[in-house]
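Work through the two exercises below with the model open. Each solution goes step by step.

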Amino acid sequence: MVVLPPKHITELSSLSLDTASGIKALEADLLGKWTGLDIIIHSRLHHQLVQRKLTPNLSLVIPALESEVAASLDTCFPQSYEWTSFKPYYTLLEVSARVSSRILVGYPIRQNPEWIDISKNFTENSYLLPSVWRTKGYIKKAQQLLGPAFAKRLSDLDSGTYEPSSGEYDGFTWLAELAEGADRDPTRLAHYEILLALASIHTTLLREVNVLYDIMAEPQYFDRLRAEINEEVARGWQKSSYQNLNKLDSVLQESQRMSPPQSIGLRRIMQKDYTLADGTLLPKGSYVCVASYAIENDPSRIRNPEEFDGLRNYKKREARPGTNRHLFTIAEPSVLGFGNGKTACPGRFFASLALKAVFAKMLSEYEFAYKDGKTEKPKNLFVHEFVFPNRSNEILVRKRRECNSPF
Ligand code: HEM
């Protein structure tokens, strides 16, 4: 593996797919040949769905998103006004899977427990040998579950008998609309749903758990974030309220800097020999990346990197009104959590919206505390390049008696 210094980030990000392929690197990381995830090399339908359908239509999915966040928290969180112990990782995994499923699948699955189970476990298994062998089983189950509905939708679309019902903005509908050629196949479409679950559930889950742990260790953020949410509720909560949650946005980004999903980024497999501007040769077949965690936490680039300053980016934005920089969704050479350049994560705008919806509701309606008077965030676990929050940790939660719910 070649870990390039930061000065090459812009050049590496600008290389075309046939020179340096991020897709081939992802496929290799996911052991595509064995897990069935090599489909990403042959078609980019999951990517098109996010870029061409989901992101431009984000405001249309907000009602379904809010209704799912509300229902999931009611169902998955303890509903007591007394402090109750729970494991945030597993509870938020369920919430994240339900929320993703409502938007990225939608009709006809809604909250089918079998699908929620597949979508949660597929990712957990695709990273852990030997359970990697089970991933093909999950793909098959997904195809059995979703295949017949996709077959019907494709046939209705072909015969012109498909009547869209109002409010049907979901991954199922968009995949069937976008599919062409070999992709107009029910089993392939079900396979893409698995890819979307893989891309979205654990990534948003990791942010949810980390942000919760981060602000529990610095409880003054509860008041600050609740005040910001309350301000929007007092003005009348609406779709545009999400753009005004600037402190929450800043906390999300600070948390991602200190606890990213992985310590490396911009992974590429060289498709041909390429010589960088400074003369360094990247031979064909080499696996190239940058040390994104080290770059984002480098004391020569960022003041007090070891300090969780939730308002770090908020303050930068306040100092430069009108700037688009320092937002959670930013992808640039010094902020690599979502990649950089043309291949940057297409789902980051939905991720930001979904995370804000979850936190707006969760912080308004619940209080959290560490058990046994502890005040420190449980340490992250670094395994190879992966960064895991403590999964089995239990914390305390209780419902707030007086709260202004945003939705
Ligand atoms: C906080 C949450 C998330 C993080 C940190 C994240 C991060 C990333 C990163 C680092 C990449 C690779 C970029 C590159 O190659 O330079 C990526 C790709 C991608 N992400 Fe995200 N992501 C998140 C949420 C989501 C969500 C919610 C979706 C779906 C709605 C999504 C869909 C995708 C897709 C489709 C790709 C491209 C995969 C491919 O090339 O086949 N992501 N993401």
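**Exercise 1.** Find the residue that UniProt marks with the feature "binding site", and decide whether this residue is buried, partly exposed or exposed.

Solution. The structure is a predicted model.
- Step 1: The UniProt record, an unreviewed entry, places the feature "binding site" at Cys 345.
- Step 2: Cys 345 sits in the loop that runs between helix 15 (312–319) and helix 16 (348–365).
- Step 3: Leaving out residues up to four places away in sequence, Cys 345 touches Phe 338 and Gly 339.
- Step 4: A residue is buried at 20 or more C-beta neighbours within 10 Å and exposed at 12 or fewer. Cys 345 has 18 such neighbours inside 10 Å, so Cys 345 counts as partly exposed.

**Exercise 2.** Work out in which order the four strands of the open sheet lie, and which are the edge strands.

Solution. 
- Step 1: Start from strand 4 (residues 265–270), where five of the six residues are buried.
- Step 2: Strand 4 is joined to strand 2 (residues 20–21) by two bridges, antiparallel, with Ala 20 opposite Met 270.
- Step 3: Strand 4 also pairs with strand 7 (residues 287–290), antiparallel, over three bridges; here Arg 268 has Val 288 as its bridge partner.
- Step 4: The order is 1-7-4-2, with mixed pairing. The edge strands are strand 1 (2–4) and strand 2, each pairing on one side only.
- Step 5: Helix 2 (residues 22–29) packs on this sheet and touches strand 2, strand 4 and strand 7. The direction of helix 2 makes about 95 degrees with that of strand 4.

How values were computed. Residues numbered from 1 in each chain as written. Predicted model: local features only at pLDDT ≥ 70, side-chain atom pairs only at ≥ 80, totals over all residues. UniProt positions renumbered as here; feature names shortened; annotations may be inferred. Contact = placed C-beta atoms within 7 Å. Pairing = 2+ DSSP bridges. Axes fitted to C-alpha atoms, helices over the stretch in contact; angles between N-to-C directions.
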